[in-house]
There are 2 protein chains.
Amino acid sequence: MELVVLGAAAGGGLPQWNCAGGQSSRVWAGSLEPQTQASVAVGSKETGYVVINASPDLRQQIILAPQLHPKPKHPDGVRNTPIKGVVVTNADVDNVAGLLNLREKQDLAIYGPTKVLEILRDNPIFEVLDPDFVKQYPLETNEVIRPIKGLEIELFNVAGKAPLYLEESLGSESGHLGFTSGIELRTSSSKTLIISSCAELDQVLLERISTADNLLFDGTVFEDKEMQNFGLGVKTGRRMGHLPISAADGPIAQIANHPVFRKLFFHINNSNPIWDNESDEYKTIQKAGWDICRDGMVIDL
Amino acid sequence: MELVVLGAAAGGGLPQWNCAGGQSSRVWAGSLEPQTQASVAVGSKETGYVVINASPDLRQQIILAPQLHPKPKHPDGVRNTPIKGVVVTNADVDNVAGLLNLREKQDLAIYGPTKVLEILRDNPIFEVLDPDFVKQYPLETNEVIRPIKGLEIELFNVAGKAPLYLEESLGSESGHLGFTSGIELRTSSSKTLIISSCAELDQVLLERISTADNLLFDGTVFEDKEMQNFGLGVKTGRRMGHLPISAADGPIAQIANHPVFRKLFFHINNSNPIWDNESDEYKTIQKAGWDICRDGMVIDL
């Protein structure tokens, strides 16, 4: 079984459409490869694949990933897909907008926290996913699903905040539970955690991380004030619900002594200098035993 | 002033994510170039650009169109864009989902028929477009706007149907007015019509077409039963609100005697054989004085 990084960048992608600063400027100038918005596919040729989060770039990501192409001479007919289901971890545009690409009367299962699926239901545009074909499965916290053979998925609560477009009604604090989730993937030979959004590394979460073989962790910002430092906006990483990589309570410091085999930053913002292999910040994460995800990376599970 | 074809394909794009048949199969096999979903940008370096319809592929389309890149050393700061506004002609996913890519606190104007903007308002997810930055302008039928210097845009009613996700409440008939619009672009030297969805070529529309220099017209299907013929689905072109290219009441027959300088099919479905230069259907449209749009094509206006 394998994990394919369909997109490694945080919301907005790299480059961001309206940004000539930060790391986006390097992409516009041609010196850094563009990266699409955070999503992974997990599965195998035999079992089919599950997509974790449906980024707005999903159509392009499918075209770039041969594993996810439909097959000629398929028993289902010319309309077929290796994608058996999608798990959404929160209701941010970055994680759900790609569902709109999965129209066209295709059998599919969508799994997500009850609260997240309720938010989708409040938006009639998602009714393009014809319920005769697309079944939604609301998940309780810590419920375990087996969407394809040989893969167990558990969603668990992570401290986060309400989607940007619901901040006015639900508040913008970062301590909320139930809006965002981490994912634990278990195969017969490994345990992998995907935590693309995390406002706080508490003891329970650190204990779960200590048992993982692979960790894909929220790498949105290196420094809390990075957006301001690059003139990209006024919000801090914490205000956006993300723990800065370099903070004392952040992943480098807190996960240092955990025996995770492979530690990768994922969901990396276009402001973050770790995109650049030559940066001091990239060297810092490397020294601490971390690397970054890039589009197309494959991890054996 | 120029018109840039950002995407030439109908909803789903070419290839369609879950389709190994029709023309999609040629793209998966590498013998036909992929095409993104229908959208154009109109403007110039001096005036900035207006995007007509926000396809789900808009982020990728901006990256591929140097005209739409943000600029370094811009008076607005590192966050800037040549995109001044977006006109949406109907509320189909194909035409509005791309608006979700235009978040990130950027001044922008969105124009569209009153009914279409009301549908957007019924979907809270579009509140990611912060109203402090993104202004919505509902348009009356035949209202003329001048979103950038030197360009007049008029929206006019075209027979069409309600968006797929609202068919249950609004009906699936194709005769409805108000759900879909054509666009007339007027510069000091030319008149261009963009009609990406059209269920009926009535006398009023034919008269308007006869005054145009350039015509981008609904090329969804060549034959009404094309989807069925390729085993791609049960719906006819007409059931989807699109007049078949080859029908007696369709564009080749009805627009034959109109002195339009340049006639191009646009919004072409992945089932349509005109994508293939070698097909009989492509030769038929060529003989009738038509060609097809492709991603990246530029037309001087």
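The model is predicted: local features need pLDDT of at least 70, side-chain atom pairs count only at pLDDT 80 or more, and totals for chains, interfaces and linings use all residues. Residues are numbered from 1 along each chain as its sequence is written, and chains are lettered from A in the order in which they are written.

**Interface**
- Chain B has 49 residues in contact with 49 residues of chain A, contact meaning C-beta atoms, placed from the backbone, within 7 Å.
- Two or more residues on this side of chain B come from each of α1 (24-28) and α2 (58-64); helices are DSSP runs of H or I with at least four residues, strands runs of E with at least two, numbered from the N terminus.
- α2(B) gives the largest share, 4 residues.
- By class, this side of chain B holds 23 nonpolar, 17 polar and 9 charged residues.

**Symmetry**
- Chain B superposes on chain A by a rotation of 180° with 0.0 Å of shift along the axis (RMSD 0.0 Å), fitted by least squares on C-alpha atoms of residues with pLDDT of at least 70 in both.
- That is the relation of a two-fold axis.
- Asn123(B) has the C-alpha nearest the axis in chain B, 2.3 Å from it.

**Strand β9(A)**
- β9(A) covers residues 181-186 and is largely enclosed by the rest of the structure, because 5 of its 6 residues are buried (20 or more other C-beta atoms within 10 Å of their own, placed from the backbone).
- β8(A), residues 151-157, pairs antiparallel with β9(A) over 6 bridges; pairing takes at least two DSSP bridges.
- Ile183(A) in β9(A) is the bridge partner of Leu155(A).
- A hairpin of 4 residues joins β9(A) to β10(A).

Methods. Contact = placed C-beta atoms within 7 Å. Nonpolar A, V, L, I, M, F, W, Y, C, P; charged D, E, K, R; others polar. Buried ≥ 20, exposed ≤ 12 C-beta atoms within 10 Å, placed from the backbone.
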